[in-house]
Amino acid sequence: MKYLSTKGRAEPVSLREAVLKGMPDDGGLFFPEHIPRVSTEFLREMDALSFQEISLEVARLFFSEDISEEELEGFIRNSITFDAPLKRVKENVYSLELFFGPTLAFKDFGARFMAEMVSYFAKKEGKKLTVLVATSGDTGSAVANAFYQKEGIEVFILYPSGKISKNQELQITTYDKNITALEIKGTFDDCQRLVKTAFLDRELNDRLNLTSANSINIARLIPQSFYYFYGFSQLKGRKERVIISVPSGNFGNLTAGIIAKKMGLPIHKFVASTNINDAVPLYLKTGRFEPKESKRTISSAMDVGDPSNFARILYIYGNDLNRIREDIVGWSFDDEETKDTIGEVYQRYDYLLDPHGAVAFLGLSKAMEEINGASGIFLETAHPAKFFDIIELIIKRKVELPSGLREVLSKRKRSIILSRSFSEFKGFLLETTKR
Ligand SMILES: *Cc1c(COP(=O)(O)O)cnc(C)c1O
């Protein structure tokens, strides 16, 4: 299968090129030339299959022309190593818990699958690859963990010094071997600029075989559709009018859901649930897309003013607002509503939401008021313990930290401090990777 640009001006490329390049030259985003459909037998029999079996079937439909069945099986075996259980919260409302990966957030799915694929290309070509990624927190930890000790790959993670939480910082800076954390004296935008400039730099590209691991990479996007199938399959008998609410920032997760629907998964509606960074809900209301500066909230992984995957959503629906509105409704919620919901759901249903899941729960509740007889799923994208400081204040009880998180918090930070100057960054990369 070839990959096209959403802007349509760049040449179609192979899977390898789409993954290693990250972005087409025309400034669009890569998208598969067509979305394959699952068979009706698969949909009928899906309930009896494991998460790994379901994932393999979806992966095979996209990648089997480019990667052998055996290799794909290996990718799934190594990346989909934890469950995504569907938990009942109340009548007709279910939480799809996506936080059982090593960094306790759903980004582990995409990052781990992508690491398998990039490492496969590196091995196949016998080339060493260098992954650069800028992070404002959560992407960095998922990427660091996923690529740790992957053969033939050197990873540099750039993060803004003093601007991410201690928790997040330790999840990036406590690796060794092929993972290096670069603490940039600047903002997240400076980190992104350094990475983007590096990709345009001939010498660096030639010497280091640069690859991007940011969230728009197609190898991170597609595996996120696996758990929509698996979540749906766990509904067993309740599959009429299924609504799925997705807590959204860059809209990669929701895009993957739309892909699952286009593959044939009968999802009735999606809810684009956001915090006050509400460019997409506003677009759904007014038809105008007006990106803004991002605003800080307690659901910080969704603090995105200009969601990058929105271009893919427009592309899928041919820019047709009415068609988009048939499939997606959207609402935004502020921090007060989010906190109240965490408290209320804990009290009434004994279920602990994290701030991102709480936004999704709110969006789902709104959508279900309008659709009779629906079954609702909201995606719980992070483990509540990651936000223990906020949550303990709300529920007035201690939140148990999972052992993995406790362990990370006790480790020693190792980072290399650099200024935001490109020449210093470039000099560092050339020096460190000299061999
Ligand atoms: C990244 C992230 C999101 C937003 O996902 P997008 O694909 O960017 O919309 C939501 N919740 C958590 C916990 C995240 O880390």
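Guide: A polar backbone atom of Phe251 sits 2.8 Å from an oxygen atom of the ligand. That is within the cut-off for a polar contact (a pair of N or O atoms within 3.5 Å). The model is predicted: local features need pLDDT of at least 70, side-chain atom pairs need 80 or more, and totals for chains, interfaces and linings use all residues. Residues are numbered from 1 along each chain as its sequence is written, and side-chain values use heavy atoms, without hydrogens or water.

Back to the ligand. Gly249 places a backbone N or O atom 2.8 Å from a ligand oxygen. In total, 15 residues surround the ligand, each with a heavy atom within 4 Å of it. The closest are Lys107, Gly249, Asn250, Phe251 and Thr381.

Now the helices (DSSP runs of H or I, at least four residues, numbered from the N terminus). Start with H3, residues 51–63, and H4, residues 69–79. Their axes (lines fitted to C-alpha atoms over the stretch in contact, with angles from 0 to 180 degrees between N-to-C directions) come within 10 Å and cross at roughly 135°. The crossing is right-handed (near helix turned clockwise from the far one by less than a right angle). In contact (heavy atoms within 4.5 Å) are Gln52, Ser55, Leu56, Ala59, Arg60 and Phe63 of H3 with Glu69, Leu72, Glu73, Ile76 and Arg77 of H4. By class, five are nonpolar, two polar and four charged. Ala, Val, Leu, Ile, Met, Phe, Trp, Tyr, Cys and Pro count as nonpolar, Asp, Glu, Lys and Arg as charged, and the others, Gly among them, as polar.

H4 also packs with H5, residues 107–125. Those axes come within 9 Å and cross at roughly 140°. H4 and H5 are therefore oblique. Their crossing is right-handed. From H4, Glu71, Gly74, Phe75, Ile76, Asn78 and Ser79 meet Arg112, Phe113, Glu116, Met117 and Tyr120 of H5. That contact has five nonpolar, three polar and three charged residues.

H3 has another partner, H11, residues 226–233. Here the axes come within 9 Å and cross at roughly 135°. This crossing is right-handed as well. Phe51, Ile54, Ser55, Val58 and Ala59 of H3 meet Phe226, Tyr227, Phe229, Tyr230 and Ser233 of H11. The H3–H11 contact has eight nonpolar, two polar and no charged residues.

Methods. Helices (H or I, at least four residues) and strands (E, at least two) are DSSP runs, numbered from the N terminus. A polar contact is a pair of N or O atoms within 3.5 Å; within protein, one must be able to donate a hydrogen and the other to accept it, and residues adjacent in sequence count only if both atoms are side-chain atoms. Angles under 35 degrees count as roughly parallel, over 145 as roughly antiparallel, 65 to 115 as roughly perpendicular and the rest as oblique.
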